[in-house]
Amino acid sequence: MAKRTRRPRDQLPNCYYEGYMEKRSFNDETSQKLWTALCGNTLFFFNDKKDCDYIEKLDLSGFISVTDETRQDRNLDAARFNLRLKGGNIKFTVPNAEVREFWKGYIQAVAELAVPTSLNLLPGQIHMLKEAVQKETERKQNSPPSAETSCPSYVTLQADMPACYHNVSRLEAELLLDREVKRGNLLLRPGSDGSSFAVSTRQDLDSPLVKHYRVIRKHDGGFIIDVEPKVTCDTLHDMISYLVTSTDGVLIPLIIEEPYEKKLSYISSDNENGEKSVQQPLQKGPPPSLPSKPPKPVCRKTPSPEPEELPVEECLYLNENWNEEAEETEDSSVNPLPQPEGKTQKIPLMPPTPAPRKFFPSSVSTTKQDVKVKAVTDPDNQLARATISELKLRLEKNKGKCQ
């Protein structure tokens, strides 16, 4: 179900039948009473009979069947029928059975382009259905498919339209050309059937002369200006260019460029007195650019250095000679254990012997204590004392013998 597209009712296709109906689809929880108009092969729904813009529309191109619903409504006079389409089923409720037959007849006739024979209709009503079928057949032959079709050559977007295109009706186009006569006298607008276009022009002779030309889209692409002889153009832009050049520039496209503000402004109220005034934002420089994130560091695996073999320093000790003598005294008959290759024999380490202290005589006179220390520590004095003590012992032995 399509939503509102803001297209006025006078731009819709030919209306064959209209009236109030209650509509309920499989997505709706409750029924809606809407004014429904069968225009072309589409049902348009309005909130009220006087509304110009429809709120929903239902395309009958996927028509399958329309049947009565036997379930009785609370209102005994009301009648129901089901409309089956390729997109789903929709239920309608109408005031009475006669209106239901009329709706069923118009829907089936427009969808199949043939008058149904299984309906209970009067001869006058059947004649009205025949006229509707004839009008719908001519409309489909003379007009392109609807704007909802997927034809690539059909112009559907406002951006693809010429600059002189205005979404106005016939009467609004005449008023617009009269009001903007200084800007241009030619405009392009939607056609009255909703699927074609029209060109409106205004020129002054004795009085303002307004003319309207119908533009039809070809099924194989391109557009035709419906005049004698017919003029064929590839695009709407080419059509506008042809009208300007063929009239030697007399027709000027009406292009209305709406003015735009040059400065930013806003309405602000004073905190003290509450008065409102138009303010302009302070001029500031461009916002500072955010610093870019530094690249994530990549961890590089550095090979671990292999341990260097330190040179073995040869240790020299004071007791090295003693070790050599000890090795000579060992029994040579005992064979030492074989040492594994690559390993040196461990040598026992001995503490070094302290060197004897030497005292040097000073020029200053020495004390008695220094003399005693010198006598004790001097080896010559010790030897003299030893000889003296030995002589004393011998003298005492000789004395004993004499007595």
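Modeller: A salt bridge here is a side-chain nitrogen of Lys or Arg within 4 Å of a carboxyl oxygen of Asp or Glu. Keep in mind that this is a predicted model.

Colleague: Take Arg 183. Which residue does Arg 183 form a salt bridge with?

Modeller: Glu 180. The closest N and O atoms of Arg 183 and Glu 180 are 3.5 Å apart.

Colleague: Is Glu 180 buried or exposed?

Modeller: Buried means under 20% relative accessible area. Glu 180 has 17%, so Glu 180 is buried. Arg 183, at 42% relative accessibility, counts as partly exposed.

Colleague: How many salt bridges does a search of the whole structure find?

Modeller: Twelve. Some share partners: Asp 68, Arg 100, Glu 101 and Lys 104 are joined into one network that way.

Colleague: How do I read a bridge against the sequence? Start with Lys 23: where does Lys 23 lie, and where does Glu 56?

Modeller: Look up the element that holds each partner. Lys 23 sits in strand S2 (residues 15-25), and Glu 56 in strand S5 (residues 56-59). The two are 33 residues apart, so this pair links distant parts of the chain. Their closest N and O atoms are 3.4 Å apart. Both Lys 23 and Glu 56 are buried.

Colleague: And Asp 178 with Arg 202: what does that pair tie together?

Modeller: Asp 178 is in helix H3 (residues 170-179) and Arg 202 in strand S10, so the bridge ties together parts that are 24 residues apart in sequence. The closest N and O atoms are 3.1 Å apart. Arg 202 is buried, with a relative accessible area of 9%. Asp 178 counts as partly exposed, at 44% relative accessibility.

Colleague: Strand S10 belongs to a sheet. What order do the strands of this open sheet have?

Modeller: Read a sheet by who pairs with whom. The order is S9-S10-S11-S12-S13: five strands, with antiparallel pairing. Strands S9 (186-190) and S13 (231-233) are the edges, each pairing on one side only. On average, neighbouring strands are turned by 25° against each other, direction ignored.

Colleague: How many bridges join S12 to S13?

Modeller: Three, between antiparallel strands; S12 covers residues 223-225. Within this sheet, Phe 223 stands opposite Cys 233 in S13.

Colleague: Which helix packs on the sheet?

Modeller: Helix H4 (residues 236-246). H4 touches S9, S10 (197-204), S11 (208-217), S12 and S13. The direction of H4 makes about 150° with that of S9.

Technical notes
Residues are numbered from 1 along each chain as its sequence is written. This is a predicted model: local features need pLDDT of at least 70, side-chain atom pairs count only at pLDDT 80 or more; totals for chains, interfaces and linings use all residues. Side-chain values use heavy atoms; hydrogens and water are left out. Two strands pair if DSSP finds at least two bridges between them. Helices (H or I, at least four residues) and strands (E, at least two) are DSSP runs, numbered from the N terminus. Axes are lines fitted to C-alpha atoms, for helices over the stretch in contact, and angles run from 0 to 180 degrees between N-to-C directions. Contact means heavy atoms within 4.5 Å. Buried means under 20% relative accessible area, exposed over 50%, partly exposed in between (1.4 Å probe, protein chains only).
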